[in-house]
Amino acid sequence: MVALEKAGIPAVAIAAQSFARAWQSCVDGWGQPSTAFVCIPHATTGQQPDFIRKMVDEQVDAIIRGLTSLPASAGIPRGARAGSRASETYTIEMDATPAGLDAVNRFLAERDWSDGMPVIPPTPAAVEAMLRGTRRNPQDVVMVMEPGFGLATVEKIAVNAVMAGCRPEQFSILLAAIDCLAQPQMNHRDMQVSGHTEAPLILVNGPIAKKAGLNWGSTAMGPGVVNSANTAVGRALRLCLINIGYCKAGAGDPNFVGLPSKFGMCLAENEELSPWPPYHVDRGFKREESAVTVVSVTGPTDIIDAGSRTPEDTLNNIASMMFYRNAGAGAWVRGWQSAQVGHTNKRVPYQGPYHPIVLSPSRAVILAEAGMSKQDAQAWLHRKCSISLESVLRGRGVPKDGSGKWLAHPELQHLENDPNATVPALESPEQYLLFVTGGTTHYAHFFYGTYGLSTVGVEPV
Amino acid sequence: MKVQIMSPAANRVDFKVPPARRLTSLAGRTIGLYNNMTGGADVAVDRAAERISQRFPGVKFQRYGGDLRPGRPALSRGTHIDEEEAARIASEVDAVIGATAH
């Protein structure tokens, strides 16, 4: 809508009430805080047409007003603006009383600069120590984080890392994760502002995992002192998304209810016990190099399986998790999604989603002992996880050119009227992201991927 | 004890867009209806058009959805209008009503 205002014509948007603050946050970032929008009580997805019409009827006057008169707030900028990149400092009085001990947390909470849990005070000394975990210049901008278009300088990331409880030896992992998010195929804007719940899952490979103190054994994704590095890195990324990206609960972040996974997720591969080469080797890195992969996901859900007796049974049980029909299975038939890059005119198509399947080493060994490589398992899932083409077309159809020819996959068009035709749920076997970690039990986790994926090397420090 | 802390909040890219001039009336105008291909958004903009037609004589509508660039698939969801598409729409209509399903 802001692009239309910029092009010189008035625009008004209709959105659900729960998006009101998120909308305001987005248009603030887009530089036109008074862009008109009207709220209807409920999201339209899945509603009957008559119900949608009734909701819109009550807003017709407001829609007309949006096109014919400017709100009083027009032109007034909101929120922090660019100036010096150096961080402001504040002096807080603390003492040993309960209120005094909580003074820094209250100061941050009053400004909505927190994830709601207590933090480590980001003192200049602590931030300086964190910055020793990288060779990068503190004022280098790693990315522009949306929806607020905040400048993610190395220093600002370090401030948030301190707050999360990170140690300097973990900082390069966090920076690499943000390097990943900066890649257009991550579509981090949509990850931030979608109404359904998505969160970045950080996957770590190589020697940095041990140096950073990450746990890749039992409970690695759960609570506990042994998992403090995993928790701190995941949490630090979330604090960056809140404080740098301005994706704040209810404003910017419009999730209908959220998920615990949004507090942070960081896993390292159990390379010692995995029967297969590490994931970063699949992505073109050497085993002795360190790399970070980020993929946006919802979930996870545990795949409980006490009954499988063969590799095929094991994979069948995993495959049973894949059919979440209206959320992307078979969507590749319509063509790749694309992500717009910042304020620019550029849009980048990307392949997605990637579904991370986190296998315990024992589960992976069942497959490997039967002679299956990781690629064999991926190919099996790709072959077996298919979906009715009719159900893909029924939802949203496919884009066609003027002559009715399918734009994205014309080679499939002859199946259009075949009620028995099926297509793979995901376009490529690699989109089943097999990652071996955790203890030696027979469980697995399934994450439903949403957008693209990125892997980058971790800087040697 | 006094503790000095650094702000975790980022400076933002300084990007300002002036609001477009508003229309004096919708009568006789062409209004774009944009839905971003999310469920029910098309129904919402169509209803707005229906009601506006009843109030303003001569108003016309032009429908848009998804990725509007030539030869590109109208992608499935969450499609944003970029500057190129906005310029095209602005050359064809006088104003736009948009909707998102979420």
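# Notebook: loops, cores and a pocket

I started with Tyr246(A), which is found in the loop between H12 and strand S7 (248-249) of chain A. The model I am reading is a predicted one. Tyr246(A) has a positive phi of about 60° although it is not a glycine. I noted this angle because most residues other than glycine have a negative phi. Is Tyr246(A) buried or exposed? Its relative accessibility is 11%, and buried means under 20%, so Tyr246(A) counts as buried.

**Another positive phi**

Next I went to Asn187(A), in the loop between helix H9 (168-181) and helix H10 (188-193) of chain A. Phi of Asn187(A) is near 45°, again a positive value in a residue other than glycine. I looked up the relative accessible area of Asn187(A) and found 5%, so this residue is buried.

**Helix H6 and what follows**

I then turned to helix H6 (residues 103-110) of chain A, where Ala103(A), Val104(A), Asn105(A), Phe107(A) and Leu108(A) are buried. What do the buried residues of H6(A) pack against? In chain A I found strand S3 (89-93), helix H5 (98-101) and helix H8 (154-164), and from chain B there is strand S1 (2-6).

**Cis peptide bonds**

The peptide bond from Glu146(A) to Pro147(A) is cis, with omega near 10°. Pro147(A) sits in the loop between strand S4 (141-145) and strand S5 (150-153) of chain A. From Gly352(A) to Pro353(A) the peptide bond is cis too, with omega near 0°. I found Pro353(A) in the loop between S12 and strand S13 (355-359) of chain A. I wrote both down because most peptide bonds are trans.

**Strands S11 and S12**

S12 made me look at its partner. S11(A) and strand S12 (residues 347-350) of chain A pair in the antiparallel sense over four bridges. Which residue of S12(A) stands opposite Gln337(A)? My answer is Tyr350(A). From strand S11 (residues 337-340), Gln337(A) and Ala339(A) point one way, while Ser338(A) and Gln340(A) point the other way.

**The cores**

Of the 66 residues in the largest nonpolar core, those touching the most other members are Ile157(A), Phe171(A), Ile178(A), Ile202(A), Val204(A), Leu214(A) and Val292(A). H9(A) gives the most to this core, namely nine residues. A second, separate core has 36 residues, among them Leu367(A), Ile387(A), Leu412(A) and Ala421(A).

**The second largest pocket**

My last stop was the second largest pocket, with a volume of about 560 Å³. It is lined by 25 residues, and the closest to its centre are Met221(A), Gly222(A), Asn230(A), Thr231(A) and Gly264(A). Helix H12 (228-243) and strand S10 (291-303) of chain A are the elements that give two or more residues to this lining. Which element gives the largest share? H12(A) does, with six residues. By class, I noted 13 nonpolar, 10 polar and two charged residues in the lining.

How values were computed:
Residues are numbered from 1 along each chain as its sequence is written. Chains are lettered from A and ligands numbered from 1 in the order in which they are written. This is a predicted model: local features need pLDDT of at least 70, side-chain atom pairs count only at pLDDT 80 or more; totals for chains, interfaces and linings use all residues. Side-chain values use heavy atoms; hydrogens and water are left out. Buried means under 20% relative accessible area, exposed over 50%, partly exposed in between (1.4 Å probe, protein chains only). Two strands pair if DSSP finds at least two bridges between them. On a 1 Å grid over the protein atoms alone, a cavity is a set of points where a 1.4 Å probe fits but cannot get out, and a pocket is an open set with protein on both sides within 12 Å along at least five of seven lines; lining residues have an atom within 4 Å of a point. Grid points are joined across faces, edges and corners, and a volume is the space filled by probe spheres set on the points. Ala, Val, Leu, Ile, Met, Phe, Trp, Tyr, Cys and Pro count as nonpolar, Asp, Glu, Lys and Arg as charged, and the others, Gly among them, as polar. A nonpolar core is a set of buried Ala, Val, Leu, Ile, Met, Phe, Trp, Tyr and Cys residues joined through side-chain atoms within 4.5 Å. Contact means heavy atoms within 4.5 Å.
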